[in-house]
Amino acid sequence: MTTSSALPEQAGRTCHNVVNPFHSTHYFAPELAAEMARAGIENRSAAYFACRAAAMGAVGPGTITATFYNFKHDLIAEHVPDVWTVTTPQAVLDARLRAVDATLRRLLGPETVESPEMAEAAHLALRAVEGCTRQARPLYAAHADQPVPSAPHLAYWHAATLLREHRGDGHLLALLDAGLDGLEALVTHTASGRGMSYKGVMATRGWTEEDWTAAQERLRARGLLDAEGELTEAGVQLRKDLERTTDRLDRAPYEHLGADGVARLTELATGFTTAAMNAGAFPAALFGK
């Protein structure tokens with residue numbers, strides 16, 4: 001599948017931006033809430049922490065804070081490790097996959113789920129994953145140890161998960177290098193208009209209004225945020241630099257797939273993600289300014 005043609009500079013990011021939402025659809029789905037409730041986890045935050053961390057085993061709150069990065073540790077500690085007293089990581093992984101199956105079938109319909117295009121997307125995405133590396137990428141490495149599901153739509157979701165976590169692990173290295181803590185990263189991303197809305201952050205990440213204000217003040221002291229809470233020129237440049245660094249750290253899987261394969265995967269992923277979004281996969285209030 002590799003090709004001799006050069007990979008365009010932002011081709012990997014463009015591909016990621018349409019593959020990643022396919023992975024994320026289940027986080028907002030009633031099917032996940034139902035499956036987690038059957039496993040004994042009814043709190044939404046606890047369910048998220050459990051299903052995303054389960055591949056790492058019955059880890060404690062410190063590990064989740066470190067690998068998720070932008071959640072307040074106090075919120076995580078409310079639910080972990082208690083969540084592992086009511087269920088096991090393997091039970092959570094099994095329930096998560098059932099929820100993903102049901103969610104994708106509802107959002108996309110059986111014809112799309114079972115289409116040749118879905119099988120092609122799974123093949124391409126798994127091929128890209130062959131270029132990923134485990135070193136210093138804990139969430140990717142943990143999920144890479146999980147078996148690839150046999151059904152094409154679940155295999156594609158699994159590959160999307162791996163590509164998401166591989167890029168995400170690299171992005172955290174970029175944030176550390178830029179000197180941004182978890183909340184400062186959220187504040188600048190929200191100010192860019194590309195991240196979660198303030199309402200979304202407050203509803204899901206455990207931070208308080210006082211925490212947010214203090215983070216804004218720290219960013220103003222660095223010249224990254226203005227009085228109105230918008231990014232300064234230096235702040236805009238910082239966000240651009242973060243994405244460039246992340247692109248560089250995440251280039252390997254897309255170089256492995258090759259320019260033609262990346263272009264085709266981007267095309268297929270755009271179609272699937274657009275269909276899922278049009279079916280109401282994501283609550284609009286949680287995103288954008």
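Which residues does Pro152 touch, not counting residues up to four places away in sequence? They are Met118, Ala119 and Ala122, where touching, or contact, means heavy atoms within 4.5 Å.

## Basis of the model

This is a predicted model, in which local features need pLDDT of at least 70 and side-chain atom pairs count only at pLDDT 80 or more, while totals for chains, interfaces and linings use all residues. Residues are numbered from 1 along each chain as its sequence is written, and side-chain values use heavy atoms, with hydrogens and water left out.

Pro152 lies in helix H10; helices (H or I, at least four residues) and strands (E, at least two) are DSSP runs, numbered from the N terminus. With a relative accessible area of 34%, Pro152 is partly exposed. On this scale buried means under 20% relative accessible area, exposed means over 50%, and partly exposed lies in between (1.4 Å probe, protein chains only).

Leu265 belongs to the largest nonpolar core, which has 39 residues. A nonpolar core is a set of buried Ala, Val, Leu, Ile, Met, Phe, Trp, Tyr and Cys residues joined through side-chain atoms within 4.5 Å. The members that touch the most other members are Val19, Phe22, Leu108, Tyr156, Leu163 and Leu265. Helices that each supply at least two residues include H1 (11–24), H6 (89–108), H8 (116–129), H9 (138–144), H10 (152–178), H15 (252–257) and H16 (259–278). H10 gives the most, with eight residues. Leaving aside neighbours within four places in sequence, Leu265 is in contact with Cys15, Val19, Ala121, Leu124, Ala125, Tyr156 and Leu257. A second, separate core has 28 residues, among them Val59, Leu75, Val80 and Val92.

## Helices H11 and H13

Nine of the 10 residues of H11 are buried, so this helix is largely enclosed by the rest of the structure. The buried ones are Gly182, Leu183, Glu184, Ala185, Leu186, Val187, Thr188, Thr190 and Ala191. Their cover includes H10, H12, H13 and helix H14 (233–249). At the start of H11, a side-chain oxygen of Asp181 comes within 3.2 Å of the backbone nitrogen of Leu183. After H11 comes Gly193, with a positive phi near 85°.

Helix H13 (residues 209–221) has 13 residues and reaches 19 Å from its first C-alpha to its last, close to the 18 Å expected at 1.5 Å a residue; the expected span is 1.5 Å times one less than the number of residues. Trp212, Ala215, Gln216 and Leu219 are buried in H13. Seen down the axis of H13, these buried residues fall within an arc of 100°, so they line one face of the helix. The arc is that of the directions from the helix axis to the C-beta atoms. An α-helix has 3.6 residues a turn, so residues three or four places apart point the same way. Glu210 and Ala221, on the other side of H13, are exposed. The buried residues of H13 are covered by elements including helix H11 (182–191) and helix H12 (198–204). Just after H13, Gly223 has a positive phi of about 75°.

In helix H2 (residues 30–38), the buried residues are Glu31, Leu32, Glu35 and Met36. They fall within an arc of 130° seen down the axis of H2, so they line one face of the helix. The face turned away from this buried side carries the exposed residues Pro30 and Arg38. Helix H3 (44–53) and H6 are among the elements covering the buried residues of H2.

His79 is found in helix H5 (residues 73–79) and counts as buried at 13% relative accessibility. Not counting residues up to four places away in sequence, His79 touches Asn43, Ser45, Ala46 and Phe49. The C-alpha atoms of His79 and Ser45 are separated by 7.8 Å, although the two are 34 residues apart along the chain.

## Cysteines

The structure holds zero disulfides, a disulfide being a pair of cysteine sulfur atoms within 2.5 Å. Cys132 is in no disulfide, and the nearest cysteine sulfur, that of Cys15, is 11 Å away. Cys132 counts as buried at 11% relative accessibility. Cys51 is also buried, with a relative accessible area of 0%.

Methods
A polar contact is a pair of N or O atoms within 3.5 Å; within protein, one must be able to donate a hydrogen and the other to accept it, and residues adjacent in sequence count only if both atoms are side-chain atoms.
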